[in-house]
Amino acid sequence: MSAKSKSPKTTISFTDQEALKFHQEGRPGKLEITPTKPMATQRDLSLAYSPGVAVPVLAIAEDASRAFDYTTRGNLVAVISNGTAILGLGNLGALASKPVMEGKAVLFKRFADVDSIDLEVDTQDVEEFINSVRYLGPSFGGINLEDIKAPDCFIIEQRLRELMDIPVFHDDQHGTAIIAAAGMINALHLTGRDMKTTKVVCNGAGAAGIACIELIKALGIPNENVILCDTKGVIYKGRTEGMNQWKSAHAVQTDARSLYDALKGADVFLGVSVKGALTHDMLRAMAPNPIIFAMANPDPEITPEEAHEVREDAIVATGRSDYPNQVNNVLGFPYIFRGALDVQAMTINDDMKVACAKALADLAREEVPDEVAAAYRGNRPKFGPEYIIPVPFDPRLIYTIPPAVAQAAMDSGVARKPIVDMEAYKHQLSARRDPVAGTLQRIFSKVRQMPKRVVFAEGEEEPVIRAAASFVNQGLGEAILIGREDEIHKMAQHAGVDINRAGITIQNARLSNRNNDYAQYLYGRLQRKGYLLRDCQRMVNNDRNYWGAIMVARGDADAMVTGLTRNYSVALDTVRSCIDIKPGHRVIGVSLALARGRTVLIADTAVIDMPTSEELADIAEEAAHVARKLGYEPRVAMLAYSTFGHPKGERSEKVQEAVRILDRRRVDFEYDGEMAADVALNMDKMSAYPFCRLSGPANVLVMPAFHSASISTKMLQELGGSTVIGPLLVGLDKPVQIVPLGAKDSDIVNMAAIAAYNVT
């Protein structure tokens, strides 16, 4: 069996300045508190605080379980550290750990919709730490311990589990163990091994290493078949040097004294140690079809390339995102806590960890959806040596792992609130996904597979320079900055961005040898619209949008992004002077809006002011096409101020006619109208019209006019707290995207990626 790696290696890089800017811009940090109840009127405040708050206070005093009903406790996890083992950086103190803990809290929210708050405890005394945390129990539904050195972490977790009646989980231990165990289940299956006869060697006797061997023993690997090694060699019965109670629990009777000795004939290597710990000679000594989990970060004990130089039959997993089979803790902790919180579990026990590992293993064996194929940097992954662990952006994780964990909690008797209808629970979990983030991830992954040359037209602006550097650093393609070289270099130096690197070029229109060619091209398009050749020459020389758009039109670049310094309509007019409409399409703007956990596409938000019925039908078709390109099956609502004829009005009649036009065209997507926005988005209100042809809430909204579309999306963004991406410009023969005035560098990167992806 050959497991030789053929997957491309793509490292996403960034400068220190970019990382600092990311954490600093806007509100410093990565978290904020948002109320979930209205706070606008005196009555709201009376209910939220005094005197209304007294009612739930008394209810909780009478029955403590009511706290899960009337407070955030049931969906709130504390991420707690003292900073004694931050990433691979060591003991840097509690305050230095805060960016990491905020990041962990963000991951909880992003992947499993678990609210989380970080707490940094400024003590390295174990007893002080325990006492600081134990009394916080009433505030939270769970405790996630992070970046605490061994052996302190063992003592802290064990004591807190004994003292608290909520889940306490040290992710550095158990997270790595669970994901590695899932991969090992599948690797053993692929190589035809039986757990009862499999021989495992673990190098690294810290928190993660000991958790790994404890979990694989719980899965069925016999104690005597597991050898644990540390920096001093094999941990064997009778050894006294460098021992503690946690190592001693896994000491075995063996003559092996070195890692090399232990690996002779071994089936599995688990590495949670240091770069280079597994040598070629050690690997040669292992059994046929060896299974290698080289999980040291950032550099593994052995890379897949190095392993396959001497053992093509090896299955290799690492902690790295740029190799197949990444052991990534984000596959575990968000979903474990999601399941534990939803049944109000008193702890996270071995049964729940095993259930998580088995559910992950089973998921990797299933046929993958398009969303996963797009996220895997290549062809559709299929269960095998290079795909034994699901990828972090698999949308099925949210409704696969928590139910398995919740069921294990119920079966093992630690659930205080059993789930009655598991199928309904899975549907609820699916609704918790972050659809915009998933869509952007698919777009970015697809672009990385086929990197593009993207023009950043306003190349002298600091946000554009940062965005161009980020675009290149993320492996999305080449960035072409339009502007004067000296000004761009000066601004880049001020911003702390290195643009003297492969993938970033600068074009100065006045100095380019394509200047005359571009002017002639523009003159050929505009000469019958009142423009002279010298007019076109001046436009090409002085307007970077003309230059960038012509680059794309002539095939000297693949896509373009602009808009930071000028109005949308002005930029659009320039672009349309240079690029044709795509045959069979109509140029429109489509905004992508995320509100309350779901995504809707809104059209036309940028181009056609007062569309006719025919144009409304065209807009519906174009928007449905974009929805499918982004991975959504369109359900199109043709909006108006009226619903199915009431109240009557001229504008509504145009929408009704647009629906009849779509009927005649026999389009292949769901649509109906005219209808008001609340009916389109709310199934309860839609049920009042049983003849409505939509099978669910609309995910594409066609507005009756440009002004209503533009107003509504901007109100959603500013008043409703929604995330709005766009408007995406679609319908042109070449991809161009226009960002809003004053856009952030992250917005520019997103739109550049969308331009490279080409949603038309």
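I take buried as under 20% relative accessible area, exposed as over 50%, and partly exposed as in between (1.4 Å probe, protein chains only). The model is predicted, so I keep local features at pLDDT of at least 70 and side-chain atom pairs at pLDDT 80 or more, while totals for chains, interfaces and linings use all residues. Residues are numbered from 1 along each chain as its sequence is written, and side-chain values use heavy atoms, without hydrogens and water.

I looked up Leu 89 and found it exposed, at 56% relative accessible area. Leu 89 sits in the loop between strand S1 (76-81) and helix H5 (98-112). Helices (H or I, at least four residues) and strands (E, at least two) are DSSP runs, numbered from the N terminus. With Leu 87 and Leu 92, Leu 89 forms a nonpolar surface patch of about 330 Å² accessible area together. Areas are Shrake-Rupley with a 1.4 Å probe; for residues, only the protein chains shown count as cover. Patch members have over 30% relative accessible area and no salt bridge; like charges are joined within 9 Å, nonpolar side chains (Val, Leu, Ile, Met, Phe, Trp, Tyr) within 5 Å.

**Salt bridges.** My criterion is a side-chain nitrogen of Lys or Arg within 4 Å of a carboxyl oxygen of Asp or Glu. The whole structure gives 49 salt bridges. I checked Asp 118 with Lys 98: the closest N and O atoms are 2.7 Å apart. Asp 118 is in strand S2 and Lys 98 in helix H5, so this pair ties together parts 20 residues apart in sequence. Asp 118 is buried at 8%; Lys 98 is partly exposed at 29%.

Next I took Lys 353 and Asp 350, which meet at 3.5 Å, N to O. They are three residues apart in helix H15, about one helical turn. Lys 353 is buried at 5%, whereas Asp 350 is partly exposed at 43%. I also noted a salt-bridge network linking Arg 586, Glu 614, Glu 615, Asp 618, Glu 621 and Arg 665.

**Backbone.** I found a cis peptide bond between His 646 and Pro 647, with omega about -10°. Pro 647 lies in the loop between strand S17 (635-639) and helix H27 (650-665). Another cis bond joins Gly 726 and Pro 727, with omega about 10°. Pro 727 is in strand S20 (residues 723-730). Asp 147 is not a glycine, yet its phi is positive, near 50°. Asp 147 is buried, at 4% relative accessible area.
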